[in-house]
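Trainee: Could you walk me through one part of this model up close, with the cut-offs spelled out?

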Amino acid sequence: VTHSIPACIGSVTINSKQLDNESPVSIFAVNKCYEMVQDGTFFDGSGFAALVREGYKVRSDVNITLEFRTTAVHGVLLGVSSAKVDAIGLEIVHGKVLFHVNNGAGRITATYEPRGTNSLCDGKWHKLQANKSKHRISLIIDGNLVHTDNPYIQSTSADTNNPIYVGGYPADVKQNCLTSKSSFRGCLRNLVLTKGQHTELFDFSRAFDLRGVFPHSCPGTEH
């Protein structure tokens, strides 16, 4: 067995002596246990998850769906970039959800702004769908659709070749379609990317780099 156990462990004794788990000598990817847990992945606001080490190619079409829960008004949700300008990005900025796409000719953005007192940062689950189809982009939050006009109709392919960064990204990584550097704090679940007939559900425990991310459970309530 080469992977860690997704569980809570307590009251460990060796030779009748109880181990002190409050002040460990070192600690790696260990979170506190919660009385109430939910399925999903917990992001503690300090890091990110990196998926697809060899690079994800968005190209002409991609459909992204996920569910998120947060009490923070800022946070990176997802970014895929290239060394040039081509990229896509999803982020929460001032409580709004922004979906950015650059197919090489310029960045365009679909923005969802909650109406009235309906906050997306209420600690409840919200469903997001972001769709790029050639030069068209749309964003659906909790069933509410946002379109945006794209003046660059000849430019249709986002030629990305970098990993998918979720919940944030390393300081030395360039993200051409994200304006925020704030790591996401909260929970994500059911991240699915669809290209044509190919649908991929991403398991965060299989990420090649995880920092401040706990793949198997979310606290039942935000603390």
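Is Ile-9 buried or exposed, and what is its relative accessible area?

Mentor: Ile-9 is exposed, at a relative accessible area of 58% (buried is under 20%, exposed over 50%, partly exposed in between, with a 1.4 Å probe and protein chains only). Before going on: this is a predicted model, where local features need pLDDT of at least 70 and side-chain atom pairs pLDDT 80 or more, while totals for chains, interfaces and linings use all residues. Numbering runs from 1 along each chain as its sequence is written, and side-chain values use heavy atoms, leaving out hydrogens and water.

Back to Ile-9, which sits in the segment before strand E1 (13–14) (strands are DSSP runs of at least two residues, numbered from the N terminus). Together with Ile-5, Val-12, Ile-14 and Leu-19, Ile-9 makes up a nonpolar patch on the surface, and the accessible area of the group comes to about 480 Å². Patch members have over 30% relative accessible area and no salt bridge, with nonpolar side chains joined within 5 Å; areas are Shrake-Rupley, 1.4 Å probe.

Glu-67 counts as buried because its relative accessibility is 16%, whereas Arg-189, at 24%, is partly exposed.

Another salt bridge pairs Asp-203 with Arg-206, whose closest N and O atoms are 3.9 Å apart. Asp-203 is partly exposed at 37%, but Arg-206 is exposed at 71%. Then there's Arg-211 with Asp-209, where the closest N and O atoms are 2.9 Å apart. Both ends get a label from their own numbers: Arg-211 is partly exposed at 44%, and Asp-209 is partly exposed at 21%.

You'll find Asp-149 in the loop between strand E12 (144–148) and strand E13 (164–166). From Asp-149 to Phe-28 is 121 residues in sequence and 46 Å in space, C-alpha to C-alpha.

Definitions and conventions:
Patches are made of residues with over 30% relative accessible area and no salt bridge: like charges are joined within 9 Å, nonpolar side chains (Val, Leu, Ile, Met, Phe, Trp, Tyr) within 5 Å. A salt bridge is a side-chain nitrogen of Lys or Arg within 4 Å of a carboxyl oxygen of Asp or Glu. Helices (H or I, at least four residues) and strands (E, at least two) are DSSP runs, numbered from the N terminus.
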